Every structure is written in C-alpha cells, then in structure tokens.
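Please look over the model shown here.

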Amino acid sequence: MYAVVRRYEGVTDPAEAGRRVGEEFVPILRQVPGFVAYYWVDAGDGVMLSTGVFEDRAGAEESTARAAGFVRERLAELLPQAPLVTAGEVVAHS
C-alpha cells in the first residue's frame, strides 16, 4: 500500500472546505484505481490535512494530480497556500 498526506495551511473556511471535499472530491477520488481510503481532517487554526491510502504508488500519484486540479477549480479561494505533500510506502498498519 501507498499513502499520501497533504497539509494545507491558511484555510479560510474549514467548514466549507470540508463540505466541498466530502460532497465533490471524495466521489472523484473513489474512481482512482487502487483507492483504499481517504480522510480529511480539520486540525484547527486554519490547518487541514488529507490522507489518502492506495494499493500502489500509481494510485497515490493519480490522487495527487486529481487533488491539484480539484483545488485549482473548486477550492482555490479557501486554500490559498500550496500544500505540503508527503507520500510513501505503508510499512505498518492495523
């Protein structure tokens, strides 16, 4: 498995960002081959995190491309800063 974590800072409206991600982006992400799970977290103070889990690196990379497009088209005014993206192979899980 492979995971991608994105950290967004300076989020101007976390509730609206969460609504759009849940209603609009999650259905897009579920179409990515190898999709396993996705989480969108409000960490407070204008920080939001996403974690996507995929069967392989290709799915994780596809999710990053789709996320970039979605943010550009639907969340740019709410997520004014580029995310910090970290990805890698899952080496332990439960």
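## Helix packing and aromatic pairs

Helices α1 and α2 lie oblique to each other. Oblique covers what is left once angles under 35 degrees are called roughly parallel, over 145 roughly antiparallel and 65 to 115 roughly perpendicular. This is a predicted model, in which local features need pLDDT of at least 70 and side-chain atom pairs count only at pLDDT 80 or more, while totals for chains, interfaces and linings use all residues. Residues are numbered from 1 along each chain as its sequence is written, and side-chain values use heavy atoms, with hydrogens and water left out.

Two packed helices are described by the angle between their axes and the distance between the axes. Here the axes of α1 and α2 come within 11 Å and cross at roughly 140 degrees. Axes are lines fitted to C-alpha atoms, for helices over the stretch in contact, and angles run from 0 to 180 degrees between N-to-C directions. The crossing of α1 past α2 is right-handed, that is, the near helix is turned clockwise from the far one by less than a right angle.

From α1, the contact (heavy atoms within 4.5 Å) uses Ala-17, Arg-20, Val-21, Glu-24, Phe-25, Ile-28 and Leu-29. From α2 come Ser-63, Arg-66, Ala-67, Phe-70, Arg-74 and Leu-75. Eight of the contact residues are nonpolar, one is polar and four are charged.

The structure holds four aromatic pairs. Rings of Phe, Tyr and Trp (its six-membered ring) pair if their centres lie within 6.5 Å; planes under 30 degrees apart count as stacked, over 60 as edge-to-face and the rest as tilted. Phe-25 and Phe-70 form a tilted pair, 5.2 Å centre to centre with 35 degrees between the planes. This pair joins α1 (residues 14-29) to α2 (residues 57-75) across 45 residues. Ring pairs also bring Tyr-38 into a cluster with Phe-25 and Phe-70.

Phe-35 and Phe-54 are edge-to-face, because their planes stand at 70 degrees, with centres 6.0 Å apart. Phe-35 is in β2 (residues 35-44) and Phe-54 in β3 (residues 47-54), 19 residues apart.

Exposure follows relative accessible area: buried is under 20%, exposed over 50%, partly exposed in between (1.4 Å probe, protein chains only).

| Residue | Relative accessible area | Class |
|---|---|---|
| Phe-25 | 3% | buried |
| Phe-70 | 7% | buried |
| Phe-35 | 23% | partly exposed |
| Phe-54 | 1% | buried |
| His-93 | 62% | exposed |

His-93 sits in the segment after β4 (84-89).

Conventions
Helix = DSSP H or I, 4+ residues; strand = E, 2+ residues; numbered from the N terminus. Nonpolar A, V, L, I, M, F, W, Y, C, P; charged D, E, K, R; others polar.
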